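Colleague: I would like to learn how to read the features of a model like this one. Please take them one at a time, general idea before the case.

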Amino acid sequence: MGDEEKVIIVEGRSDKEQIRKIIDEEVTIICTNGTLGIERLEQLLYDYDLDHKEVYIMVDEDSAGHKLRKQLARELPHAQHIYVDRTYREVAATPAPELATALLSRSIMVHPFFLV
């Protein structure tokens, strides 16, 4: 993948805010606000040129998140998946050190003080 711009797709605004404070590099975070209709998904693909970006999918571990992950995986087969522990279910509810470890496992730079 190399120097391509990184994009993380999340479900909600609180997920986006939680991830943004942990990341220590330039990454675009797209918030879907839940599942996507075909037109909205096509618009996201076009607006962010997602077919040519390094895309990561990080959604909640619940039925809505699973549905969205499947939908995104079909449209973006090159995307990498980042999972949160099922204990926490939601990205926003996952402790920052857990998220930092998950992000770092995909070579996304994080602020070191989240790695306790």
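Modeller: Two strands pair if DSSP finds at least two bridges between them. The model here is predicted. In it, strand β1 (residues 6–10) and β2 run parallel and are joined by 5 bridges.

Colleague: Which residue of β2 is the bridge partner of valine 7?

Modeller: Threonine 28 is the partner of valine 7 in β2. Further along, isoleucine 8 stands opposite isoleucine 29, and valine 10 has cysteine 31 as its bridge partner.

Colleague: How many bridges join β1 to β3?

Modeller: There are 4 bridges between β1 and β3, and these strands also run parallel.

Colleague: Next, the side chains of a strand. How should I read their directions?

Modeller: In a regular strand, side chains alternate between the two faces of the sheet. In β1, Lys6, Ile8 and Val10 point one way, while Val7 and Ile9 point the other way.

Colleague: Are the residues of β1 buried or exposed?

Modeller: Buried: 5 of the 5 residues of β1 are, Lys6 included. The cut-off for that word is a relative accessible area under 20%. Strand β2 (residues 27–31) is mostly covered as well, with 4 of its 5 residues buried.

Colleague: How are two packed helices described?

Modeller: By the angle between their axes and the distance between the axes. Helix α1 (residues 13–22) packs against helix α4 (residues 96–104) at an angle of about 75 degrees, with the axes 10 Å apart. Angles of 65 to 115 degrees count as roughly perpendicular, and α1 and α4 are therefore roughly perpendicular to each other.

Colleague: Which residues make that contact?

Modeller: From α1 they are Gln18, Ile19 and Ile22, and from α4 they are Ala96, Leu99, Ala100 and Leu103. By class, the contact of α1 with α4 has 6 nonpolar residues, 1 polar and no charged.

Colleague: What should I look for in the backbone angles?

Modeller: Most residues other than glycine have a negative phi. Aspartate 49 has a positive phi of about 50 degrees although it is not a glycine. Serine 107, also not a glycine, has a positive phi of about 65 degrees.

Colleague: Where do aspartate 49 and serine 107 lie?

Modeller: Aspartate 49 is in the loop between α2 (38–47) and β3 (54–57), and serine 107 is in the segment after α4. Aspartate 49 counts as partly exposed because its relative accessibility is 36%.

Colleague: Let us finish with single residues. Why does leucine 68 count as buried?

Modeller: Leucine 68 counts as buried because its relative accessibility is 0%. This residue belongs to helix α3 (residues 63–75). Leaving out residues up to four places away in sequence, leucine 68 touches Glu11, Thr32, Gly34, Thr35, Leu36 and Val59. Leucine 68 and isoleucine 57 are 11 residues apart in sequence, and their C-alpha atoms are 9.3 Å apart in space.

Colleague: Where does histidine 78 lie?

Modeller: Histidine 78 is in the loop between α3 and β4. At 26% relative accessibility, histidine 78 counts as partly exposed. Its C-alpha atom is separated by 9.6 Å from that of leucine 50, a residue 28 residues apart from histidine 78 along the chain.

Notes: Residues numbered from 1 in each chain as written. Predicted model: local features only at pLDDT ≥ 70, side-chain atom pairs only at ≥ 80, totals over all residues. Heavy atoms only, no water. Axes fitted to C-alpha atoms, helices over the stretch in contact; angles between N-to-C directions. Helix = DSSP H or I, 4+ residues; strand = E, 2+ residues; numbered from the N terminus. Parallel < 35°, antiparallel > 145°, perpendicular 65-115°, else oblique. Contact = heavy atoms within 4.5 Å. Nonpolar A, V, L, I, M, F, W, Y, C, P; charged D, E, K, R; others polar. Buried < 20%, exposed > 50% of the residue type's maximum accessible area, 1.4 Å probe, protein only.
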